[in-house]
Amino acid sequence: MASTLDRGLEKDQAVELRAVGTGRRGGVGRILLYLLLFLIAAFFVLPLVVVVSASFKYSAEIFTDPGILPADPGFENYAALFARAEFVDWFRNSAIVSSVGTFVTLAITSLSAYAFARIDFPFKGMLFGLLIVTLVLPGVMFLVPQFKLIGEMGLYDTLPALVLPGLAGVFGVFFLRQFFLGLPVELEEAAYVDGASRLRTFFSIALPLAGPALATLAVITFLAFWNDYLWPVIICQDNCPLPAGLRLLQRQYTGDPGLVMAGAAVAAIPVLILYLALQRYIVQSVASSGIKG
Amino acid sequence: MTSIATAEPKPGRGGRGGMLSRLMWGSGRDRRRRIGENPITPYLFILPHFALFSVFILFPFFLGVWMSLHDSTALRDGPFVGVRWYQQLFDPSNRTQFPRFWNSVWNTVLFVIISTPLLIGFGLALATLLNQKVRGRNIFRAIYFVPWTLSVSVVALTWWWMFNGNAGFVTLFMSDTFGWSPNWLATNPWAWISILVATLWWTIGFNTIILLAGMQAISADLYEAASIDGANKWQQFKSITLPSLRPILLLVITLQVIASFQLVGQPQLMTGGGPPSEAGGETTSVLLHVFNVGFSGRRELSLGAAMALVVAAIMVVVSIINFRLFSSERS
């Protein structure tokens, strides 16, 4: 499910963070404001701290030791998790599915978006309209037939099954087409005058210029693949990625929440690292593209 | 192909073509065709994605309808049964499908009705706070947004533990402070409140960021002029901020309603759809019900497909109403 604010990316990046409407205010008001901001921040951070804390408590410790700082912290849960072959598989599956899915998405959607933005051809409007219509259709109606289709293809419980339906998504085409439309055509025309083919022009002129948009799409696509839950839960059994694996873990270890929390932490850590590294950039991307998870 | 291509209309800047021509040619910017270019080229550009799209989205669209008219499970392909599943879903005298399905629809609708104003309201409030002259605004903004980057299963398990009846943080905190704590995940309304809190935690940050970006795009001159005219903060918020945010609010509300309608991971992992009731679970959302019917137990794919189509139809109608409601008013 996705949509776009009808604004160019460059324009959005140039938006200065400026404070509006507040002059100097009394000391008490400001203290209250900061107090509020910190309390809200605590609401968002505390559960993560609790999860990490729980993951360091082994077995029954989680029920006997209520402290946020574990009395006897240890990596037993993590060691137990990674000693299980299937957990290592989940992690590996997530890594493969997310990176391959992101790369292929960028490749095929940028090609398609470029044609829709720059070349005129018969039935273009109709084909693009067809893509856009599916953007507003709820994902729920595709679950059963996609499951059936994957089964008929003999791909149930395989890695391709986790990637393929995601690759068919149209958001990337829509998003990149908007970006290409905003680029000046003159450079590409110059390349054409010099005898470059469409493909050559695309690779050596348009694609490099689309760097920022591609990066945005890459981050969003990676997060979407890494975090995807419902589809993997439907289609995987032994070959799950992490979020779906967590469900199996929870069912198997209901009485051992420390272990489950360690699993959740492992699923969260790569994303949190990515977020820490690219925080400003990710926030900007989401604000400008308006994508809901 | 070639003959159609040469019949292409000229690129005139202004009044070109009606509906039909726009459908044929789209409305791209550069429509200068290159002499001698192979007319197949653009189709090759779109081919890789369009092939995947056709197989995994376009075809399943029709396959879903087809399946909903048959009696198939994951194990066998059944015979054509016409609209039998739809009849069962819409027949009040049916004792199994009807109450279970509409129970889950009603649960979901209630969740959407209650969660949307909260998610939008808190989003607006946080965006307004962050739009003040505060130090470290970017840090606060980044912190509020963290949960959105997590998978729903991580979010649901986090709160499954927070609300755990034995040693969950919230349970212990309540017991220590008030000497009593509800059995959060197993009794209502607490189970719903748990799901609501988890959802708020997960997605408020998203709404905040989008709304904040919208607020920062509003010209400061408007606020200056208003304060010269003696308008107070609340009046400024009401007559400048809100009207200027209108298109963005519409977007955020629409996305939020659609997202809330697809609630599934939270009840699945936190409450298991319970506490149990005659109609199959007090926190069973419609997507969870589709999952339970189509992908677990007997895996009744056909019934699941029919329910999914009814749900999709409801969602499309709700989106249209929502759009009409918010875009016509004072536009």
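Select chain A to begin: of its 293 residues, 45% count as buried, a residue being buried if 20 or more other C-beta atoms, placed from the backbone, lie within 10 Å of its own. This is a predicted model, in which local features need pLDDT of at least 70 and side-chain atom pairs count only at pLDDT 80 or more, while totals for chains, interfaces and linings use all residues. Residues are numbered from 1 along each chain as its sequence is written, and chains are lettered from A in the order in which they are written.

Colour chain A by secondary structure next, and there are 15 helices and 0 strands, where helices (H or I, at least four residues) and strands (E, at least two) are DSSP runs numbered from the N terminus.

Now show chain B as well: 92 residues of chain A are in contact with 97 residues of chain B, contact meaning C-beta atoms, placed from the backbone, within 7 Å. On the chain A side, helix 15 (residues 257-289) gives the most, with 13 residues.

Then select residues 198-209 of chain A, which form helix 11, with 12 residues and a reach of 15 Å from first C-alpha to last, close to the 16 Å expected at 1.5 Å a residue (1.5 Å times one less than the number of residues). Its buried residues are Arg198(A), Thr201(A), Phe202(A) and Ala206(A); seen down the helix axis, they fall within an arc of 100° and so line one face, the arc being that of the directions from the axis to the C-beta atoms.

Note on methods: Contact = placed C-beta atoms within 7 Å. Buried ≥ 20, exposed ≤ 12 C-beta atoms within 10 Å, placed from the backbone.
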